[in-house]
Amino acid sequence: MPSEGRCWETLQALRSSDKGRLCYHRDWLLRGEDVLEECMSLPKLSSYSGWVIDHVVPHMQENQPVSETSPSSMSASALDQIPKSPDTSSAFSPASPATPNGTKDKDESQHTESMVHQSPRGIKVEGCIRMYELVHRMKGTEGLRQWQEEQERKVRALSEMASEQLKRFDERKELKQHKEFQDLREVMEKSSREALGHQEKLKAEHRHRAKILNLKLREAEQQRVKQAEQERLRKEEGQVRLRALYALQEEMLQLSQQLDASEQHRGLLKVDLAAFRTRGNQLCSLISGIIRASSESGCPTAESQAEAERALQEMRDLLTNLGQEITRACEDKKRQDEEEAQVKLQEAQMQQGPEAHKESPASSQGPGGKQIEDLQVKVQDSTMQWYQQLQDASMQCVLTFEGLTNSKDSQAKKIKMDLQKAATIPVSQISTIAGSKLKEIFDKIHSLLSGKPVQSGGRSVSVTLNPQGLDFVQYKLAEKFVKQGEEEVASHHEAAFPIAVVASGIWELHPRVGDLILAHLHKKCPYSVPFYPTFKEGMALEDYQRMLGYQVTDSKVEQQDNFLKRMSGMIRLYAAIIQLRWPYGNRQEIHPHGLNHGWRWLAQILNMEPLSDVTATLLFDFLEVCGNALMKQYQVQFWKMLILLKEDYFPRIEAITSSGQMGSFVRLKQFLEVRCS
C-alpha cells in the first residue's frame, strides 16, 4: 500500500537522519538546569513553523508525482529558500560551534547527498528536523550564554557582596576594637583615679602614722637617752662600788695576812688563835662571795657594799682585839717575869717564907671540854713541791715542742694538725654508750703514742713524722682528757667512768701522759691538789681569779654556777681515775695513781679551812664517785673520817655558807646523814 511505503520511507529517513545517528553525551547534563529544562519541556512550535508551512509544504505537494525524477533538487531548493539568519548561517558554516571537528561535517555532507536521493516527504521531515535541531541548538547556545552571563553576574555579585561583607566585618571589628580600647581606657582611667585616690588616702594615713611614730620615736629616744643616762650612772656607780669592793677585799686580804703573822705570838696568848683565824677566813670568803655575786649581776648594790664594809670592819675589830690580846699577853708575860724575879729575890733574902703559887694559863677548850685543833690555811710543803714539779714538767714539755707549734713551714703545720686530730678525736669519741669501742679507741691511742702509724682523716699519721711529735701528742692528749672532764663529765656525770678507764690504762703504759694529766688538772682545778692560792701584794685581781680556777674573758668573770659545774666535772674525773684500771692491762702492776692518793686528798681537805660553796661541792662529788671504793679499801678508818667530817668539819662549812649558797651544802648534808645514820 502506498501509505505503508511512505511510513517505511519515513522510518528509513529518520534512521538515516542526523537525529537518528545522534550520539548523546553525558556532559549535557552538566551544562545547567536551563538546557535540561528545555529538553524536557513540551514541544512548542517555533517561530519558523509558519514559514515552513507557507513555503516548503505546498512546494512539496506540487512536485509529489515527479518525486522520482528530481527529489534532491526540490529539497535543495527548499533549503535554499529558507531565510538565513546570522545564527543560521553560522550554524551551517564550517566554523560553527556545532561542528567542532571535521568528522561531523563530513557526515553531514554525506547525509546531504543521501537526502538528495530521498523522497520529498523525507526531505521535508529532514528539513524540519534540521530546523528544529538548529533552533534548539541556537536556544541552547543562547541559554548557555545567558546562564554563563548570569553565573558571572552572580559571581561578581557574590564577590562584591563578599567584599562588602569583608569591609563591613573589618569595620565592625575595628569598631569593636575601638570600643574595647575605649572601655579598657575608661577602666584604666577609672582604676588610675581610684588608685590615685587610694594613694592619696594612704599618703594621708602614712603622714598621720609617721607623725605619730615620730612622736613615739622622740618619746622613745628621750626615754632611751634617759635610761642610757641612768644606766651609765648606775654602771659608773656600780664600777665605783666594785672598785670599792676590790679595795675592801685587798684590805681584807692584807688584814688576813696580818692575822696569819700573829702565829708567832701563839705561845703567849691565852685565847684560842684558831678562832680568830677561822673567823678571818669566814670574813674573807664572805667578801669574796659578795664580789662574785656582784660580778655576775654586773652592778654591785649598796647593800652588798655595806655588807662588805661591815665584814671589813669586823675584820678590823677582830685584828684589833687580837692585837689587844697580844699586847695584854705581852704585858702579862712581862709582869709574870717580874713577879718571878721578885719571888726569886725574896726567896734569896728570906730563906723561909710562904711558897708562892704560880697560876698557869688555862688551855683553850671548846664546848664540852674537847680541845679544838687549828686547821691549816696553806698546803703542806711536800704537796706544794709535788705540785710545782708537775707544773715544771708541763712547761718543759711545752718548750720541747715549741719549734713545731711556731713553725711557719706548711708541711710542719700540716703534721701538727694531723697529730692533734689523731690525739684528740679518739678521746672525744669516748662516751657512756661506747661499749666495745673503748678497746678500739684505747688501742688507737696506744699505737699513736708507741710510734705506730694510725689512720686519721683518711691519712696515715705517726709521731715519727717530726722529732717533737711525741711530746706534742702527749701534751695534747693529756689536755684533752682534762677538757673532757671539764665539759663532758660536767654535763653528764656518768661519762667520768669510760673516760677515766681509758685514761688510767694510758697512764699505766705511758706514765708521762699521767703526769701531764695531773699538771693540767691542777692548773685548771687547784682544789684537786688541794691548793688554795693566796692573794699576793701587787697581783692583779684577774690573775688571782684565774689562779682560783675562774675563767676570765674581757675582764668578766664567769658565773659561779658554771665555775662550780666545771670544778665538779674535773673532781669527778679525778675520783674515777684513782679507783679504775684498764681491764685488759697487767693486774699484777700497782695502780700508777691509786686510792692512796684519794685518801691523801681527802685528809688534806679536812685539814684545811673550808671555802664557801666550793669545799661542799668538791667533797660531795668526790665522795659520791669514789666513796664506796675508799670504804672497801680503808673500812673503819674511812668511817672515822666520815664521822670527823660530819661532827667537826661540817659545822665549819655551815658557818661560812650564806643563804644563797645552800645548794651544795644541803646535798653534802643529806649525803652524810644517809651514810652515817
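Student: With which side chain does the side chain of Glu508 make a polar contact?

Tutor: A polar contact is a pair of N or O atoms within 3.5 Å; within protein, one must be able to donate a hydrogen and the other to accept it, and residues adjacent in sequence count only if both atoms are side-chain atoms. Here the side chain of Glu508 pairs with the side chain of Arg581 at 3.1 Å. Glu508 sits in helix α15 (residues 496–509); helices (H or I, at least four residues) and strands (E, at least two) are DSSP runs, numbered from the N terminus. A contact means heavy atoms within 4.5 Å. Leaving aside residues up to four places away in sequence, Glu508 touches Arg581, Asn586, Glu589 and Pro592.

Student: What kind of model is this, and how are its residues numbered?

Tutor: It is a predicted model in which local features need pLDDT of at least 70, side-chain atom pairs count only at pLDDT 80 or more, and totals for chains, interfaces and linings use all residues. Residues are numbered from 1 along each chain as its sequence is written, and side-chain values use heavy atoms, with hydrogens and water left out.

Student: What average pLDDT does the chain have, and where does pLDDT stay under 50?

Tutor: pLDDT is the predictor's confidence in each residue, from 0 to 100. Where pLDDT is low, the predicted coordinates should not be read in detail. The chain averages 78, and 76% of the residues score at least 70. Residues 65–104 stay under 50, and the model has 42 contacts beyond four places in sequence for them. Residues 351–373 also stay under 50, with 14 such contacts.

Student: How many helices and strands does the chain have, and what percentage of its residues is buried?

Tutor: The chain has 22 helices and 4 strands. Buried means under 20% relative accessible area, exposed over 50%, and partly exposed in between (1.4 Å probe, protein chains only). Buried residues account for 37% of the 677 residues. Among contacts between residues at least 6 apart in sequence, 75% join residues at least 24 apart.

Student: How much accessible surface does the chain have, and which residues form a nonpolar patch on the surface?

Tutor: Accessible areas come from the Shrake-Rupley method with a 1.4 Å probe; for residues, only the protein chains shown count as cover. The accessible surface of the chain comes to about 41,700 Å², and 53% of that belongs to carbon and sulfur atoms. Patches are made of residues with over 30% relative accessible area and no salt bridge: like charges are joined within 9 Å, nonpolar side chains (Val, Leu, Ile, Met, Phe, Trp, Tyr) within 5 Å. In this chain Trp8, Leu11 and Leu14 form a nonpolar patch, with about 330 Å² of accessible area together. Leu14 is in helix α1 (residues 2–16) and is partly exposed at 34% relative accessibility.

Student: How many salt bridges does the structure hold?

Tutor: Side chains of opposite charge can pair when their charged atoms come close. A salt bridge is a side-chain nitrogen of Lys or Arg within 4 Å of a carboxyl oxygen of Asp or Glu. The structure holds 20 of them. In one, the closest N and O atoms of Arg232 and Glu229 are 2.2 Å apart. Both residues lie in helix α7 (residues 120–261), 3 residues apart, about one turn of the helix. Arg232 is partly exposed at 36%, and Glu229 is partly exposed at 34%.

Student: Which parts does the salt bridge between Arg459 and Asp418 tie together?

Tutor: The side chains of Arg459 and Asp418 meet at 2.7 Å, N to O. Arg459 lies in strand β2 (residues 459–461) and Asp418 in helix α12 (residues 410–428), so the pair ties together parts that are 41 residues apart in sequence. Arg459 is partly exposed at 37%, whereas Asp418 is buried at 10%.

Student: Which peptide bond is cis, and which residues other than glycine have a positive phi?

Tutor: Most residues other than glycine have a negative phi, and most peptide bonds are trans. The bond from Val529 to Pro530 is cis, with omega near 0 degrees. Pro530 lies in the loop between α16 (511–524) and α17 (541–547). Asp613 has a positive phi, near 70 degrees, and belongs to the loop between α19 (595–606) and α20 (614–634). Asp613 is buried, at 8% relative accessibility. Gln635 also has a positive phi, near 50 degrees, and is in the loop between α20 and α21 (636–656).
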